[in-house]
Amino acid sequence: MNATIFLNPQLLFLLLTTTFFHLFSSTASIGVNYGMVADNLPSPADVANFIITKTIFDSVKIFDTNPTVLQAFANTNITMTVTVPNGEIPNLSNGGAAAWVNTNIRPFHPQTKIKYISVGNEVLLLNDPAHISGLVPAMRALTDALRQAGPQFQDIKVTTAHALNMFEGVTVPSLARFRVDHAKTFFEPLLLYLRETKSPFMINPYPYFELNVMQNNVDFAVFRKTRGVFDRNSRKMYSNAFDVLLDKTYSAMLTVGFGDVDIVIGETGWPSLGDAGNAAATIDNAASYNGHLIRKIVSGIGTPLMPNRKFDASIFALFNENQKPGPLAEKNWGLFQPDFTPVYVSGALRDGPPPNLSNPDFTVVPRVPRGRGKGRRRVPPVNNPQPVQPQPNPVPIQTAPAVTNVKKFCVPKPGVPDDKLQRNLDLACSQGADCGPIQPGAACADPATVSSRAKYAMNSFFRIKGVDSACDFTGTGQITTVYPSYGNCRYP
């Protein structure tokens with residue numbers, strides 16, 4: 001007689017999450033993103049010397065294959081991540097991969113230790129159908145080209161970086177799932193390729209851009225001690241948003257059968273200055289986020305669903321970049337000024353002062369139990385509180401996002417001239433706004449005026465960034481609660 005055994009879903013989930021831990025890297029790597037959208041940066045040679053001699057970083061990620069940068073890091077033992085621009089994806093998948101390797105990789109590696117090639121950056125966020133459909137074929141073609149180039153190129157792993165717009169709208173980490181419109185057609189083929197090539201799944205987790213779905217809880221986002229949030233499905237307590245985002249990623253991967261694929265963090269960080277009204281972008285918040293982040297990565301303590309799992313992680317960014325478009329915060333993600341002076345104390349300097357960490361053990365605020373008959377029993381303060389269990393009365397993570405700006409829209413101020421609106425339109429569409437609905441023949445294409453198209457693009461950019469300051473557009477945007485949709489054109 002056949003017997004059917006039913007497992008408790010929570011027990012099954014915990015069994016699955018403990019199956020893969022032995023498969024992953026035993027060392028953690030802390031690196032930095034080296035952006036160059038500025039007119040006042042030091043030379044790549046000086047940057048390489050600074051990173052090697054003054055900082056704790058052992059890896060550098062760049063957003064292209066700048067030959068001067070790659071030459072500067074030759075024979076330094078710093079590992080590099082280079083990026084194929086999104087626009088090159090169709091070329092790679094249509095026979096151009098070998099030429100790309102010959103031009104951008106062969107002259108430099110292995111003297112410059114290229115560890116990862118990211119094919120494109122956040123392709124789902126930018127939402128170009130040709131890039132989305134061509135991504136996995138381009139990655140496979142690039143891997144074949146590396147193999148054909150010779151044995152010295154076999155240690156380079158090919159991946160691609162993802163923004164976290166890839167989940168269905170649920171905030172419970174253990175119940176996170178990939179978007180239904182891309183789970184089968186995009187993520188499963190991608191993860192299969194990564195498994196076959198032993199390459200990692202690269203993500204860009206930014207709690208700063210998730211504030212609108214966490215009730216603007218900045219303290220939770222920057223690792224300060226709070227009451228935490230409790231996942232009732234996995235019975236895990238979360239002390240910070242970073243762990244939530246990593247465990248959402250892991251849960252989504254596990255659900256489609258790829259929990260054994262490694263995870264690396266391509267970008268994460270916090271801006272230190274923003275426009276008026278942006279209370280989140282401050283030096284104190286940036287110092288708290290990045291200081292705790294460095295401690296967390298170096299410690300290798302992992303996350304609630306991935307305990308003791310170590311991650312490669314790159315902080316965004318090395319420098320403040322004064323030529324970046326968009327809100328003021330976009331120019332102020334750097335750990336350092338262009339003259340190498342720290343913007344704040346983060347712990348990134350090898351011989352620098354230690355950061356002032358308010359929650360170095362990543363614990364939650366102890367709860368005061370309810371007393372019987374005579375009010376509440378006081379809990380005496382302790383200097384080194386230990387992690388507490390989620391009883392009693394933990395704060396549960398909601399099963400649907402609590403979006404505080406759900407009724408807010410970003411529109412141009414009255415009287416803004418078309419030339420400025422055109423700049424806003426170009427900026428928004430180049431920085432991640434979904435501009436498909438304003439293309440010819442699409443739902444929001446008419447009226448075909450700069451004003452109408454800019455209005456839609458500005459609001460899409462505002463939605464993606466998730467903070468009120470994203471509607472500034474150098475003083476030409478304003479937030480409204482008036483629903484701007486019309487006809488078949490629906491604003492997100």
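In this predicted model, helix α4 passes helix α6 in a right-handed crossing, where right-handed means that the near helix is turned clockwise from the far one by less than a right angle, and left-handed that the near helix is turned anticlockwise. The model is a prediction in which local features need pLDDT of at least 70 and side-chain atom pairs count only at pLDDT 80 or more, while totals for chains, interfaces and linings use all residues. Residues are numbered from 1 along each chain as its sequence is written, and side-chain values use heavy atoms, with hydrogens and water left out.

The two helices of this crossing span residues 89-104 for α4 and residues 129-149 for α6, and they pack at an angle of about 20 degrees with their axes 7 Å apart. Here an axis is a line fitted to C-alpha atoms, for helices over the stretch in contact, and an angle runs from 0 to 180 degrees between N-to-C directions. Helices α4 and α6 are therefore roughly parallel to each other, since angles under 35 degrees count as roughly parallel, over 145 as roughly antiparallel, 65 to 115 as roughly perpendicular and the rest as oblique. On the α4 side the meeting residues include Ile89, Leu92, Trp100 and Val101, and on the α6 side they include His131, Leu135, Leu142 and Leu146; contact here means heavy atoms within 4.5 Å. Sorted by class, the residues of this contact are 15 nonpolar, 3 polar and no charged, with Ala, Val, Leu, Ile, Met, Phe, Trp, Tyr, Cys and Pro taken as nonpolar, Asp, Glu, Lys and Arg as charged, and the others, Gly among them, as polar.

Stepping back to the whole protein, its secondary structure comes to 12 helices and 12 strands, counted as DSSP runs numbered from the N terminus, with helices being H or I of at least four residues and strands being E of at least two. Of the 492 residues, 53% count as buried, a word that stands for under 20% relative accessible area, with exposed meaning over 50% and partly exposed in between (1.4 Å probe, protein chains only). Among the contacts with a separation of 6 or more, 73% are accounted for by residues 24 or more positions apart.

Among the residues that make the contact are Leu421, Leu425 and Cys429 of α11 and Val450, Ala454 and Phe461 of α12, and by class the contact of α11 with α12 has 9 nonpolar, 3 polar and 2 charged residues.

Beyond α12, in the loop between α12 (450-465) and β12 (477-480), lies Asp468, which counts as partly exposed at 34% relative accessibility. Not counting residues up to four places away in sequence, Asp468 touches Lys408, Phe462 and Ile479, and the side chains of Asp468 and Lys408 are joined by a polar contact of 3.1 Å; such a contact is a pair of N or O atoms within 3.5 Å, where within protein one must be able to donate a hydrogen and the other to accept it, and where residues adjacent in sequence count only if both atoms are side-chain atoms. Asp468 and Phe409 are 59 residues apart in sequence, while their C-alpha atoms are 9.6 Å apart in space.

Another loop residue is Asn240, placed between β8 (236-238) and α9 (241-255) and counted as buried at 0% relative accessibility. The side chain of Asn240 makes a polar contact with the side chain of Ser239 at 3.1 Å, and a polar atom of the Asn240 side chain lies 3.2 Å from the backbone nitrogen of Phe242. Leaving aside residues up to four places away in sequence, Asn240 touches Phe220, Phe223 and Phe362.

Phe362 itself is in the loop between β10 and β11, counts as buried at 12% relative accessibility, and has a positive phi of about 55 degrees although it is not a glycine. Lys198, in the loop between α7 (183-197) and β6 (201-203), also has a positive phi, near 55 degrees, but Lys198 is exposed, with a relative accessible area of 68%.

Finally, two peptide bonds deserve a look. A cis peptide bond with omega of about 15 degrees joins His109 and Pro110, and Pro110 lies in the loop between α4 and β4 (113-121). A cis peptide bond, with omega of about 15 degrees, also joins Phe316 and Ala317, and Ala317 has its place in the loop between β10 (312-315) and β11 (409-412).
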